[in-house]
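Please consult the sequence and the structure shown below while reading.

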Amino acid sequence: MSFVKKSIKSIWKPDTVFSIMASYKKYVEENGKAGATNAIIGSLCDEEGKLVTYKSVFESERSFPDTVRAAYPAGLKGNPEYIEAMKNWVLDGNSNLYSDGIATVGGTGAVFVALDLCLEANEAVLLPEIAWGSYQLMANEFNFDVVNYDVYDIDDMLNKAESIANKQGKLVLVINSPCQNPCGQSLNTDEWKKIVNKLNEIAKKAEVVLVNDIAYIDYAREPKEARKYIQTFDELNENVLVLICASTSKSFSYYGQRLGELIILNKNEKTVEEVEKAAELKVRCTWSTCSNIAMSNVAQVINSYQNEYVDEKKAYIDILYKRAEAFVNEAKEVGLDIYDFKEGFFVTLKFTDENKRDEAHQKLLDNHIYTVKTVKGIRVAICSMPVKEIEGLAKRIKAVIA
């Protein structure tokens, strides 16, 4: 006997990150940390291995009275000052389109709402092949057909986009850039222009929704410059809807507060209003509201302590890219095959044969190097590892899997 509906049972499987973390913790409990390498955690940690917390963020939070912590937010959409502050923070003056936003439970909530708003069951969604695993889980949960594209091949993406649009009269395309999880790829402005031109062409005969997941944008090498591509969206016609999925978890190292924002962009004001109302309804019947203190605090940090926050974060961005350069340069020296890395939290080992990937991953586990499997790869979380632990790691990995 089973009380769980078949569509849920068919897609359930243990979460890869948490199951590997459990293995790591078990080893450490029994043997201590010596000899074990934790390349699992997708959170930013300092050089002592502790989770990064920004003084500007948490001192700001402590300035609020308990009544703000306890109170409901201003409405289902989220607190107006948060919606506006976060929208301004993300867009940074790079968009002239009509826009609105809605508070979500993390960046995950933003992606969840974006996908669920725009497609019916059995319609196709275009997803990156090597990607954050929850895209696929959400698509399965919504009973979408999934078409995957090569994140390093724009033509592959756009050809598949056109094919989907021709078949169903609608296209929903998910692009995780900049700082793609897990490859560390970022599209440049010329690549975005090419995408925009093709989406405009497709939009002459189909509805087009571009879902842009920017969870890691604030850890691009130059976060302000990294937002410039948003200017290309101004060239999209009104048959293309842009849904930007932002996360305060990553940007403000505010993981446990589970807060994000879905930012809606279009040339038509009525379209933005319609999508916002639909998003508000979806939120009402899922999590209802987000954390009042988190929204209040993020708005205050952006509006009153932005300079302090940016200065703090800059120091950690510098550390992140010292780690990246240490791993990437060593990987090249020893001939360890990795995907082209530009920026972000992760570097991913390249495996086109998934049986060989599984074999390599198991060898790493057997040697107490804890990493996470992805489609056609093995993810190494440089974001959480001190430089001293990264130095020599690519060489060790190469030796283990050779």
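Predicted model: local features only at pLDDT ≥ 70, side-chain atom pairs only at ≥ 80, totals over all residues.

Is Asn143 buried, partly exposed or exposed? Asn143 has a relative accessible area of 38%; a residue counts as buried under 20% and as exposed over 50%, so Asn143 is partly exposed.

**The chain as a whole**

- The protein chain contains 17 helices and 12 strands.
- Its radius of gyration is 21 Å, close to the 21 Å that the globule rule gives for 402 residues, so the protein chain is as compact as a globular protein of that length.
- Along the principal axes, the C-alpha atoms of the protein chain occupy a box of roughly 60 × 55 × 55 Å.
- Of the 402 residues in the protein chain, 54% are buried.
- Among contacts in the protein chain with a separation of 6 or more, 75% are made by residues 24 or more positions apart.

**Surface and charge**

**Nonpolar cores**

- The largest nonpolar core comprises 97 residues, and the residues with the most contacts inside it are Leu171, Phe233, Phe252 and Phe327.
- Helix α14 (residues 306-334) contributes nine residues, the largest share of this core.
- Another core, which lies apart from the largest one, has 29 residues, including Ala114, Leu115, Cys118 and Val209.
- When neighbours within four places in sequence are left aside, Phe233 is in contact with Leu97, Trp192, Val196, Leu210, Asn212, Val242, Ile244 and Leu265.

- Val90 belongs to helix α5 (residues 80-91).
- The relative accessibility of Val90 is 3%; the cut-off for a buried residue is under 20%, so Val90 counts as buried.
- Beyond its neighbours within four places in sequence, Val90 is in contact with Ile214, Arg227, Ile230, Ile244, Ala246 and Ile263.
- Val90 and Lys193 are 103 residues apart along the chain, and their C-alpha atoms are separated by 19 Å.

**Backbone features in loops**

- Most residues other than glycine have a negative phi, and most peptide bonds are trans.
- Asn143 has a positive phi, near 60°, although Asn143 is a residue other than glycine.
- The location of Asn143 is the loop between α7 (134-141) and β4 (145-149).
- Cys179 likewise has a positive phi near 60° and is not glycine.
- Cys179 is found in the loop between β5 and α9, and with a relative accessibility of 1% it counts as buried.
- The peptide bond from Ser177 to Pro178 is cis, with omega near 5°, and Pro178 lies in the loop between β5 (170-176) and α9 (189-202).
- A second example of a cis peptide bond joins Asn181 and Pro182, with omega about 20°.
- Pro182 is also placed in the loop between β5 and α9.

Definitions and conventions:
Residues numbered from 1 in each chain as written. Heavy atoms only, no water. Core = buried A, V, L, I, M, F, W, Y, C linked by side-chain atoms within 4.5 Å. Buried < 20%, exposed > 50% of the residue type's maximum accessible area, 1.4 Å probe, protein only. Helix = DSSP H or I, 4+ residues; strand = E, 2+ residues; numbered from the N terminus. Contact = heavy atoms within 4.5 Å. Rg over C-alpha atoms; globule rule 2.2 N^0.38 Å.
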